[in-house]
Amino acid sequence: MSKILGHSFHIPVMGTGFTVDTPVKVAHLGISSVVSIVDDLLVEKMREVYCSKLSLPFKPITEKTKDFRAERITSYLNLLDKVVTEKFENLKESIQDKSKELEEYLDMLPDLSEVKQEFKAKFADNPYLKEAKEWLSNHLPLGDIDVNIMTKLDKSNFYKGEQLPTEFNDAHAALRGFAMSNLESSMVLSAGMNPRLYGYLEQFKDFYPDSNGYIKKKIVLKVSDYRSALIQGRFLAKKGIWISEYRIESGLNCGGHAFATDGFLMGPILQDFKDKRDELKESTYQVLLQALKEKNKVIPTNPLEIKVTAQGGVGTSEEHDFLINQYNLDSIGWGTPFLLVPEVCNVDEQTLSLLEKAKEKDLFLSHASPLGVRFNNLATNTRDIGKWERMAKNEAGSVCTKRYMIVNKEFTEKPICTASRQYQRLKIADLKKQNLSKEAYEKELNLLLEKTCLCKGLSASTYIVNNIDTKSDGDGVSICPGPNLAYFSKRASLKDMINHIYNRANLIERKDRPHMFIKELNIYYDYLKEQIEEPKKPVPKQIKSLETFKNNLLNGVNYYKDLSQKFSDKFIHMKSQIENDLNNLEVKIKDTLIRES
């Protein structure tokens with residue numbers, strides 16, 4: 001585990017807009033966060049917003065420019081870098097004015113932070129000495145401005161009626177936008193492997209290490225199991241690209257798009273990474289060195305390091321500390337709780353109120369995503385209001401203008417979005433032709449109408465908060481909290497949330513919150529039951545898959561039973577909580593019958 005210099009948490013990407021400018025709000029305080037660069041129209045509008053706020057010149061980058069997507073992203077990231085750097089320098093200068101800003105910065109750090117401990121040891125009596133300022137300039141950590149790309153959102157694009165080469169595809173252009181920026185940070189690759197996109201990384205020098213092992217632009221891989229990490233790590237290493245961090249996310253106990261594993265649970269997965277971390281590093285490092293040699297690239301004299309981090313469902317300081325200590329993790333992602341922190345995320349007033357009131361029943365694993373991937377959703381979101389009324393008027397679906405999620409070719413030669421009005425009209429007509437029973441027809445229709453325009457919905461709140469015109473996209477908001485939101489019932493300040501993370505305050509009023517491992521196991525149990533009920537006549541392959549899923553859950557239960565016996569006194573409360581819930585869940589899973597065909 002790396003030494004804790006600054007904060008031991010990071011803020012993951014949330015939607016396309018909720019964290020699009022979060023670095024401006026937290027990076028100067030030493031907090032790293034992740035910006036989505038899927039929606040180039042949104043980042044262009046946010047660039048205009050900040051140029052206006054800061055009285056900076058703004059020249060629009062229009063679609064008349066051939067490479068407008070990459071250029072918009074580069075310009076916005078450079079602006080974020082400029083704003084964050086200036087705020088950070090001002091904070092360091094504030095020591096001369098005996099400002100409380102620096103004091104608040106240090107107070108927010110965890111007590112185990114080396115920066116905090118060393119500064120207090122050296123300058124406790126007089127923190128305003130000239131030497132203190134010099135020391136801070138050299139030691140104060142700045143939060144990273146990281147970016148996220150969903151690797152599969154890589155549609156082809158056209159210019160003046162002609163299809164552009166692959167490098168102008170959505171994900172390729174976003175990658176290039178980051179690569180050409182001034183940032184020294186990381187790009188998080190999520191949602192699976194895209195070999196063609198991974199190959200494109202080779203074209204940019206900032207992704208390669210220098211002789212000292214420094215990489216200006218690092219790669220973070222979001223994964224849900226060790227095998228996937230090893231495969232992708234070796235794949236990229238063969239191209240001379242090093243993965244600097246493996247970010248492990250719960251398959252279902254997370255916000256946004258959810259990628260269920262085959263019943264593998266968070267604890268066993270983290271254990272796998274802990275046990276095989278050195279093996280992962282050494283096996284990929286040797287492949288990397290060979291690739292760099294073959295490419296005549298610089299060979300680093302210092303060994304490259306890897307970080308392992310985790311996120312998904314963490315909600316208490318006890319869980320936070322346990323994950324770091326038990327699995328030697330470098331950082332913990334706190335996402336969903338920060339949706340209730342207006343200082344950090346772009347959430348409009350109406351949606352904030354809905355989040356505060358949300359209970360377990362309001363947070364569900366939906367079929368809302370046009371990508372065909374399950375999506376953690378808020379049942380009371382304002383985007384879906386009136387969809388049944390629109391269907392009655394033969395206006396089911398949305399007018400598709402942003403086109404980031406066009407992946408379906410069921411009825412058309414070119415891909416379209418399953419949430420679009422065009423697709424839904426075609427699908428409804430097709431369903432009517434199939435002579436389905438009333439029950440089967442309504443089931444298919446409900447699944448279809450559950451699709452929603454996430455391109456517009458996930459950016460709408462950012463438009464509202466920043467007073468951007470919503471006329472073209474509408475002001476209905478889609479929001480993607482994880483199940484953990486049910487236990488946070490009121491908005492908080494940034495300071496309050498940080499104090500909660502570090503056990504200096506408690507923002508959870510409910511006494512019935514299950515441990516994150518138990519919550520995830522419950523979600524997977526519900527998912528198993530759903531999958532069993534899905535096929536009316538399951539084939540042998542489906543039965544075998546369900547049996548494997550069930551057995552993996554039971555293996556996870558056994559792992560947690562063994563783990564609970566090893567808890568130190570510090571986590572004794574967690575031990576009793578987990579053991580009681582585990583016994584009940586084990587009985588339920590064992591009693592789950594998988595129907596034969």
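How many aromatic pairs does the count come to? The count comes to 19. Here rings of Phe, Tyr and Trp (its six-membered ring) pair if their centres lie within 6.5 Å.

## About the model

This is a predicted model, in which local features need pLDDT of at least 70, side-chain atom pairs count only at pLDDT 80 or more, and totals for chains, interfaces and linings use all residues. Residues are numbered from 1 along each chain as its sequence is written, and side-chain values use heavy atoms, leaving out hydrogens and water.

## Aromatic pairs

Take Phe322 and Phe517. Their ring centres are 6.4 Å apart and their planes are at 75°, so the pair is edge-to-face (planes over 60 degrees apart; under 30 is stacked, the rest tilted). Phe322 sits in helix α11 (residues 317-327) and Phe517 in helix α18 (residues 516-533), so the pair ties together parts 195 residues apart in sequence. Helices are DSSP runs of H or I, at least four residues, and strands are runs of E, at least two, numbered from the N terminus.

Phe517 also pairs with Tyr560. This pair is stacked, at 4.7 Å centre to centre and 20° between the planes. Tyr560 lies in helix α19 (residues 540-564), so its pair with Phe517 in helix α18 ties together parts 43 residues apart in sequence. Phe517 counts as buried at 1% relative accessibility, and Tyr560 counts as buried at 2%. Buried means under 20% relative accessible area, with a 1.4 Å probe and protein chains only. Ring pairs link Phe322, Tyr327, Phe517, Tyr559 and Tyr560 into a cluster.

## The largest pocket

The largest pocket holds about 1,400 Å³ of space. A pocket is an open set of points on a 1 Å grid over the protein atoms alone, with protein on both sides within 12 Å along at least five of seven lines; lining residues have an atom within 4 Å of a point. Volume is the space filled by probe spheres set on the points, which are joined across faces, edges and corners.

Of its 47 lining residues, the closest to the centre are Leu5, Ser32, Asp144, Lys218 and Lys307. Elements that each supply at least two lining residues include α3 (68-93) and α10 (266-294).

## A three-strand sheet

An open sheet has the order β9-β13-β12, with antiparallel pairing. Strands pair if DSSP finds at least two bridges between them. β9 (256-258) and β12 (363-366) stand at the edges with a single partner strand each, so one side of each has no neighbour in the sheet. Four bridges join β12 to β13 (residues 374-378). Leu363 stands opposite Leu378 in β13.

Conventions:
On a 1 Å grid over the protein atoms alone, a cavity is a set of points where a 1.4 Å probe fits but cannot get out, and a pocket is an open set with protein on both sides within 12 Å along at least five of seven lines; lining residues have an atom within 4 Å of a point. Buried means under 20% relative accessible area, exposed over 50%, partly exposed in between (1.4 Å probe, protein chains only).
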